[in-house]
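Open the model in your viewer and keep the selection panel at hand.

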Amino acid sequence: MAVKINLDDCMQCMACISTCGQGALTEGDKGPVVDAKKCTDCGDCIEICPANCIKK
Ligand code: SF4
Ligand code: SF4
């Protein structure tokens with residue numbers, strides 16, 4: 001599994017990218033992109049997201 005990011009609510013702060021220890025998040029044209037093969041569902045990005053737009 002992998003987290004899902006609601007880019008409509010994303011503020012493009014990119015805090016999630018630097019928080020992900022798995023390197024599963026990268027910066028795309030419209031916001032962070034999740035690599036489902038790398039995401040371990042640890043939830044760290046969910047906790048740090050100020051927009052609360054990342055869900056499991
Ligand atoms: S932490 Fe949340 S608001 Fe910031 S870039 Fe990531 S998904 Fe968007
Ligand atoms: S749940 Fe964990 S592994 Fe998956 S994208 Fe967020 S911080 Fe990275």
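**Stop 1: ligand 1.** Select ligand 1 and the residues around it. The shell has 16 residues, each with its C-beta atom, placed from the backbone, within 6 Å of the ligand. Cys10, Cys13, Cys16, Cys49 and Ala51 are the closest. Now colour the shell by class: 14 residues are nonpolar, two are polar and none is charged. Here Ala, Val, Leu, Ile, Met, Phe, Trp, Tyr, Cys and Pro count as nonpolar, Asp, Glu, Lys and Arg as charged, and the others, Gly among them, as polar.

A word on the source: this is a predicted model, in which local features need pLDDT of at least 70 and side-chain atom pairs count only at pLDDT 80 or more, while totals for chains, interfaces and linings use all residues. Residues are numbered from 1 along each chain as its sequence is written, chains are lettered from A, and ligands are numbered from 1 in the order in which they are written.

**Stop 2: the loop between β1 and α1.** Select Gln12, in the loop between β1 (4-5) and α1 (15-19). Helices (H or I, at least four residues) and strands (E, at least two) are DSSP runs, numbered from the N terminus. Gln12 is not a glycine, yet its phi is positive, near 60°. Is Gln12 buried or exposed? Gln12 is exposed, because 11 other C-beta atoms lie within 10 Å. The cut-offs are 20 or more such atoms for buried, 12 or fewer for exposed, and partly exposed in between.

Then pick Met14, in the loop between β1 and α1. Phi of Met14 is also positive, near 65°. Met14 has 13 C-beta neighbours inside 10 Å, so it counts as partly exposed.

**Stop 3: the core.** Which residues make up the largest nonpolar core? Select nine: Val3, Ile5, Cys16, Cys20, Ala24, Leu25, Cys45, Cys49 and Ile54. Such a core is a set of buried Ala, Val, Leu, Ile, Met, Phe, Trp, Tyr and Cys residues joined through C-beta atoms within 7 Å. In soluble globular proteins, nonpolar side chains tend to be buried together.

Start with Ile5, in strand β1. Ile5 is buried because it has 23 other C-beta atoms within 10 Å. Beyond four places in sequence, its contacts (C-beta atoms within 7 Å) include Cys10, Gly31, Pro32 and Ile54.

Go on to Ile54. Apart from residues up to four places away in sequence, Ile54 touches Val3, Ile5, Cys16, Cys45, Ile46 and Cys49.

Next, pick Leu25 in strand β2 (residues 25-27). Leu25 is buried, since it has 25 C-beta neighbours inside 10 Å. Among its contacts beyond four places in sequence are Cys16, Cys20, Val33 and Cys45.

**Stop 4: the whole chain.** Zoom out and show the cartoon. The protein chain runs β-α-β-β-α-β. Its radius of gyration, 10 Å, is close to the 10 Å that the globule rule gives for 56 residues, so the chain is as compact as a globular protein of that length. That radius is taken over C-alpha atoms, and the rule is 2.2 Å times the number of residues to the power 0.38. Along its principal axes, the C-alpha trace spans about 25 × 20 × 20 Å. Of the 56 residues, 20% count as buried.

Note on methods. Two residues are in contact if their C-beta atoms, placed from the backbone, lie within 7 Å.
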